[in-house]
Amino acid sequence: MNFADSEVVNSILLDEGMVPVQTAEEADVIFVNTCSIRENAETRVWNRLKEFRSLKKENKKLTVGVLGCMAERIKDRIIDQEQLVDIVVGPDAYRDIPNLLAEVEDGRKAVNVLLSLEETYADISPVRTSGNGVSAFVSIMRGCDNMCAFCVVPFTRGRERSRPLESILREIRELSDQGYKEVTLLGQNVNSYKYEDIDFTRLMDEASKVNSEIRFRFSSPHPKDFPEPLLHLIAERPNLCNYIHIPAQAGSSSMLERMRRPYTREQYLSLIERMREIIPGVSLSTDIIAGFCDETEEEHHDTMTLMEIVEYDLAYMFAYSERERTLAHRKYEDNVPEDVKKRRLTEIIQQQMAIQEKNNKAEIGNRHLVLVEGESKRSAEQLSGRTDTNKMVVFDRKDFKKGDYVEVEITDCTSATLIAKPVAKSSITEFFAEPALV
Ligand code: 5AD
Ligand code: SF4
């Protein structure tokens with residue numbers, strides 16, 4: 001979401017006549033887009049701001065601004081106590097940046113952290129300056145009404161609201177014209193998308209029809225009300241990726257209830273079963289929190305077994321970090337000792353790495369369609385990209401280039417990467433065509 005938001009801010013700043021520079025030293029204005037989801041995200045932002053303090057001493061004209069979720073949470077501290085920041089802009093106030101910059105020019109500190117019930121930046125075409133030119137994020141909704149007990153998002157990003165269908169489609173058409181090949185539709189809670197009578201499944205249907213050679217992903221849906229018609233659509237439509245990120249957070253029903261996640265372990269597992277029945281070979285990933293309030297050894301074990309049963313291809317795993325204003329902060333105690341949280345997280349991660357390695361080994365000999373994202377990090381002789389199922393693949397460069405769809409055969413792997421030999425340049429339509437009837 002922050003990448004997508006920064007691209008909206010780029011557009012607003014470019015309209016003001018600003019030009020991007022390559023280093024902080026060259027800049028007259030620096031904006032830091034921030035995240036409050038866990039404490040270490042905030043710690044990193046504070047460290048970054050402290051780095052800029054010395055630049056502010058050298059360049060008296062330098063303006064430093066804080067954007068996004070942290071702005072809302074700590075606006076007073078940021079401006080009064082630390083003297084690090086001149087502008088604070090919450091996630092719904094980016095349109096006000098030109099006015100706020102003018103206030104700073106007049107010698108004042110400037111703050112706008114008002115949350116909105118309507119703002120979706122629908123009419124602003126994001127300017128993508130830092131991406132790979134192949135994959136883009138498109139924001140389809142903002143905010144969240146779910147109020148999971150551990151999560152600060154509803155407080156920092158406000159109420160849920162959906163962006164008009166037509167403006168989403170217009171942005172996808174622009175991306176198509178610019179040669180983009182992959183679009184990830186983003187929202188805190190995408191299956192709650194609702195604009196007039198358009199729901200999320202209809203949106204995916206319309207989006208995927210813009211260009212059959214652009215493939216689509218989405219993040220993140222909520223397990224409580226994942227729409228089954230969407231599973232059928234993914235199964236039928238070649239350019240809807242066979243990959244679903246479906247955050248479980250925990251594996252025991254008692255913990256899910258404490259987390260205010262309105263589904264049980266059994267309901268989650270039967271959703272996974274439906275996904276696998278309807279989309280054979282679908283790749284799944286998840287988010288998991290270790291050490292949430294009152295977590296027992298048994299509940300931790302339930303999380304481990306859930307992950308063992310599902311065999312996710314990828315997991316984002318975190319130690320619980322208490323956030324102000326959340327239900328957990330107000331009503332529960334952050335009472336799992338730090339060393340126990342760490343140990344449980346390590347167990348979860350180690351098990352997941354072993355599962356990924358096993359899943360990846362089973363891929364050897366399989367053919368996949370890879371969208372080339374660029375040079376591999378290790379060698380200029382190799383390219384890297386992802387399968388439709390979101391697995392990273394590395395293979396010899398040959399004559400292929402960024403943005404090509406390449407059919408590859410998997411020859412080897414690690415727990416994080418598949419290694420392949422390229423077969424031929426291909427396309428979504430060609431690769432996923434039904435085999436001809438003989
Ligand atoms: N502590 C740890 N992880 C958290 N997440 C959200 N809030 C917290 C928290 N307080 C994780 C959830 C969510 C992901 C984006 O971040 O797993 O799905
Ligand atoms: Fe946070 Fe829950 Fe909303 Fe996700 S669904 S953003 S975890 S409150």
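Visitor: How many bridges join strand E8 to E11?
Guide: This is a predicted model, and in it 5 bridges join strand E8 (residues 182-186) to E11, with the two strands running parallel.

Visitor: Which residue in E11 is the bridge partner of Val-183?
Guide: Val-183 has Phe-216 as its bridge partner in E11.

Visitor: And why is E11 said to be largely enclosed by the rest of the structure?
Guide: Because 4 of the 5 residues of strand E11 (residues 215-219) are buried.

Visitor: What kind of peptide bond joins Ser-219 and Ser-220?
Guide: A cis one, with omega at about -10°. Ser-220 lies in the loop between E11 and helix H9 (228-236). For background, most peptide bonds are trans.

Visitor: Let's talk rings. How many aromatic pairs does the structure hold?
Guide: There are 10 aromatic pairs in the structure. One of them is Phe-218 with Phe-226, a tilted pair with 6.4 Å centre to centre and 40° between the planes.

Visitor: Are Phe-218 and Phe-226 buried or exposed?
Guide: Both Phe-218 and Phe-226 are buried.

Visitor: Which residues do ring pairs link into a cluster?
Guide: The cluster consists of Phe-150, Phe-292, Tyr-320 and Tyr-332, linked by ring pairs. Phe-150 also turns up among the residues that surround ligand 2.

Visitor: Oh, the ligand. What else surrounds ligand 2?
Guide: Along with Phe-150, the surroundings of ligand 2 include Cys-144, Cys-148 and Cys-151, plus Asn-146, Met-147, Val-153 and Pro-154. Gln-188, His-222 and Arg-261 are also part of that shell.

Visitor: How does the shell around ligand 2 split by class?
Guide: The shell has 7 nonpolar, 3 polar and 1 charged residues.

Visitor: Back to Met-147. What is its phi?
Guide: Phi of Met-147 is near 60°, a positive value in a residue other than glycine. Met-147 is in the loop between strand E6 (141-142) and helix H6 (153-157). In general, most residues other than glycine have a negative phi.

Visitor: What about the phi of Glu-311?
Guide: Glu-311 has a positive phi too, about 55°, although it is not a glycine. Glu-311 is in the loop between helix H12 (297-310) and strand E14 (314-319). At 27% relative accessibility, Glu-311 counts as partly exposed.

Visitor: Since you mention E14, which strands form the open sheet with E14?
Guide: That sheet has 3 strands in the order E12-E13-E14, with parallel pairing. Strand E12 (243-245) and E14 are the edge strands, each pairing on one side only. The twist averages 10° from one strand to the next.

Visitor: How many bridges do E12 and E13 pair over?
Guide: E12 and strand E13 (residues 283-290) pair over 3 bridges, in the parallel sense. Within that pairing, Ile-244 stands opposite Leu-284 in E13.

Visitor: What's the order of the 4 strands in the other open sheet?
Guide: The order is E1-E2-E3-E4, and the pairing is parallel. Its edge strands are strand E1 (29-34) and strand E4 (110-112), each pairing on one side only. The twist there averages 15° from one strand to the next.

Visitor: Which helix packs on that sheet?
Guide: Helix H1 (residues 2-15) packs on the sheet and touches E1 and E2. The direction of H1 makes about 155° with that of E1.

Visitor: And what joins E2 to E3?
Guide: Strand E2 (residues 63-68) and strand E3 (residues 87-89) run parallel and are joined by 3 bridges. Gly-65 stands opposite Ile-87 in E3.

Visitor: Where does Val-111 sit?
Guide: Val-111 is in strand E4, and at 39% relative accessibility Val-111 counts as partly exposed. Leaving aside neighbours within four places in sequence, Val-111 is in contact with Lys-75, Ile-79, Val-88 and Leu-100.

Visitor: Last one: is Ser-426 buried or exposed?
Guide: Ser-426 counts as buried, at 11% relative accessibility. Ser-426 is found in strand E19 (residues 417-426). Apart from neighbours within four places in sequence, Ser-426 is in contact with Leu-369, Tyr-405, Val-406, Glu-407 and Phe-431.

Definitions and conventions: Residues numbered from 1 in each chain as written. Chains lettered and ligands numbered in written order. Predicted model: local features only at pLDDT ≥ 70, side-chain atom pairs only at ≥ 80, totals over all residues. Heavy atoms only, no water. Pairing = 2+ DSSP bridges. Axes fitted to C-alpha atoms, helices over the stretch in contact; angles between N-to-C directions. Contact = heavy atoms within 4.5 Å. Near = heavy atom within 4 Å. Nonpolar A, V, L, I, M, F, W, Y, C, P; charged D, E, K, R; others polar. Phe/Tyr/Trp six-rings, centres within 6.5 Å; stacked < 30°, edge-to-face > 60°. Buried < 20%, exposed > 50% of the residue type's maximum accessible area, 1.4 Å probe, protein only.
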